[in-house]
Structure formats: C-alpha cells, structure tokens
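The sequence and structure are shown first.

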Amino acid sequence: MEIQTASSSAAMNNDPKRLHKCRNICFATMGGLIFIIILIVILAFTVFKPKNPVITVDSVTLSDLKFYLDTTKFQVLFNFSLDVDLTIKNSNKVGFKYADSAAELNYRGLKVGEVPIPAGKISADKTAPMNLTVTVMADRFISDSNFFADVSGGELPLETFCEISGKVNILNLFKFHVVSTTSCDIIVFLSNSSAGDQNCNYKYKV
C-alpha cells in the first residue's frame, strides 16, 4: 500500500499538465506584481507628480508708525509694524508638510524684522491663509548709512522674504523635498504712513 501511494505521488509531481499549470500561476503572479509596481511608479510621476507650494503675498499694511526726526540733535525716533497677509497653496494630490520657517523684513539687504512661521500641514489641493505681523528692529535701520537720506526723501525701500520647505509623501513610498520662496519689494511712504504697491518674485525648487 505504501509503495502505491509513493508511486501515485511521484506520478502527480511528474505530471506535465500540473507542472505547466504551476508555472503559469507563478508567471501570472510575477506579472501582476510587476504591473502593480510599474503602475505605482507611473502614478507617482504623473498624476501624483510633486508640485511646489505657491506662496502669494496678498497684502502688506503698515501700522503703528512712530517717526520723528530731530535734525538739530541728529536723532531719530522710529518704529512701526508691518502686517503681511499671505496664502500657501498646495496643488499636490497629497498633503504637504512644512517645517518651521520665518518671514523676514529687509532694508537694503539688512534684516530689520522677523516673524516665525510654525510647522504645519496643508491638505491636498487646499490653500492655507496666514496673517503675519512683523515688528521692526529700529536700531538696525539707523545703523545703515543710507537711512537718513531715505528718511529725508520720505520713502523707505523694503523687502519681505518668505521661504517654505517641506516634504510631499506619495503613496507612502516616495518622499520629495520641495521649497518655495517669495520676495516682495515695497516702498513705505513716511508722509502718510502707507505702503506702496509691491513687486514680487516667486521661486520654486523640487
């Protein structure tokens, strides 16, 4: 009886039809896995292709301007805040996580103000508004040799700068680092405590 069982088992293992069927199943499984991998890669670089977040400065408003120039004593009392309304648009089909950052206020290349932007996340195809108030470091203005000439002319050339960097995680398989920067040139008019039109430049990097 044992000899017959062993013979039957050997016959099944040597059955060409059975072996052919097993090979077909293996090939089909491997083909399916390869197809899924190729499909994931295609989706990652087409539909889910990483896009840079877009930072748009919507408005810049001057507030709490305190300015007094004493020409006899060559002294200046100067202080103000700048309210910056901006939006960050995530055009990706997945969420975008960004790290701690900051918005800067520059005067002739010198940083004269800064406000932190805490880390966060923006959902897919969503836009996040931000309202920032930049307090000016008045002493840094005065240290620039051009300051008194600009004050006498009644105009201060300023630049706002903001950089957001983070990661886009696609299908939990591909992680891309993206960076978006925005810089805007504005003029502050001391006579009526207002900010003029802004000229902005946008840069993106993946």
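## Strand pairing around β9

Leu156 stands opposite Val188 in β9. The model is predicted, so local features need pLDDT of at least 70 and side-chain atom pairs count only at pLDDT 80 or more, whereas totals for chains, interfaces and linings use all residues. Residues are numbered from 1 along each chain as its sequence is written, and side-chain values use heavy atoms, with hydrogens and water left out.

Strands here are DSSP runs of E with at least two residues, numbered from the N terminus, and two strands pair if DSSP finds at least two bridges between them. The pairings of β9 (residues 174-189) are set out below.

| Strands | Sense | Bridges |
|---|---|---|
| β8 and β9 | antiparallel | 16 bridges |
| β9 and β11 (residues 199-205) | antiparallel | 7 bridges |
| β9 and β10 (residues 194-195) | antiparallel | 2 bridges |

A hairpin is formed by β9 and β10, with 4 residues between them. In its turn, Ser193 has a positive phi of about 55 degrees. On the β11 side, Thr182 has Tyr202 as its bridge partner.

Ser183 lies in β9. Is Ser183 buried or exposed? Ser183 is buried, because its relative accessible area is 16%; buried means under 20%, exposed over 50% and partly exposed in between, with a 1.4 Å probe and protein chains only. Contact means heavy atoms within 4.5 Å. Leaving aside neighbours within four places in sequence, Ser183 is in contact with Glu159, Thr160 and Phe161, and also with Asn199, Cys200 and Asn201.

Val54 belongs to strand β1 (residues 54-70). With a relative accessible area of 26%, Val54 is partly exposed. Not counting residues up to four places away in sequence, Val54 touches Thr87, Ile88, Lys89, Ser180 and Tyr204. Of these contacts, Lys89 is 35 residues from Val54 in sequence, yet the two are 5.1 Å apart in space, C-alpha to C-alpha.

## Aromatic pairs

The structure holds 5 aromatic pairs. Phe141 and Phe147 form a tilted pair, at 5.9 Å centre to centre and with 55 degrees between the planes. Rings of Phe, Tyr and Trp (its six-membered ring) pair if their centres lie within 6.5 Å; planes under 30 degrees apart count as stacked, over 60 as edge-to-face and the rest as tilted. Phe141 and Phe147 are both buried. Ring pairs also link these two with Tyr107 and Phe148 into a cluster.

## The cavity

The structure holds 1 cavity of 30 Å³ or more. A cavity is a set of points on a 1 Å grid over the protein atoms alone where a 1.4 Å probe fits but cannot get out, and lining residues have an atom within 4 Å of a point. The largest cavity has a volume of about 70 Å³, a volume being the space filled by probe spheres set on the points, which are joined across faces, edges and corners.

Which residues line the largest cavity? They are Val57, Val84, Leu86, Ala103, Glu104, Val134, Thr160, Phe161, Cys162 and Thr182. At least two residues of this lining come from each of β2 (75-90), β4 (101-107) and β8 (155-170). The most is given by β8, with 3 residues. By class, the lining divides into 7 nonpolar, 2 polar and 1 charged; Ala, Val, Leu, Ile, Met, Phe, Trp, Tyr, Cys and Pro count as nonpolar, Asp, Glu, Lys and Arg as charged, and the others, Gly among them, as polar.

Methods
1 Å grid on protein atoms, 1.4 Å probe; cavity = no way out; pocket = protein on both sides within 12 Å on 5 of 7 lines; lining within 4 Å.
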